Amino acid sequence: MSWAYIIAAAVVLTGLLAVTRLLRRMMFAFALAATVLLLLHMQQNPAEGAAALAVMGGGLGFASPLRRLILRGFL
């Protein structure tokens, strides 16, 4: 699977998050579980766990503007 497919899947998923509340809740649950796992991982390797946590937080922070951008483009 190339990076283009991963990026396309993320864009489609973000677009669907604006439409479906169930997917939004599932994304929140995944983010919460991933946060807990990364906090546990920080005990073994603090730099790697903190970097991954920062990237995930940035991605979640970018989801809302990206959702608005996609919906304005399609609607």
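N45 lies in the loop that joins α2 (21–41) to α3 (46–74), where helices are DSSP runs of H or I with at least four residues, strands are runs of E with at least two, and both are numbered from the N terminus. With a relative accessible area of 29%, N45 counts as partly exposed, because that class lies between buried, under 20% relative accessible area, and exposed, over 50%, with a 1.4 Å probe and protein chains only. N45 and R21 are 24 residues apart in sequence, and their C-alpha atoms are 35 Å apart in space.

This is a predicted model, in which local features need pLDDT of at least 70 and side-chain atom pairs count only at pLDDT 80 or more, while totals for chains, interfaces and linings use all residues. Residues are numbered from 1 along each chain as its sequence is written, and side-chain values use heavy atoms, with hydrogens and water left out.

The chain as a whole has 3 helices and 0 strands, in the order α-α-α from the N terminus on. Along the principal axes, its C-alpha atoms fill a box of roughly 45 × 25 × 20 Å, and of the 75 residues in the chain, 16% are buried.

In helix α1 (residues 3–19) we find W3, which counts as exposed because its relative accessibility is 67%.
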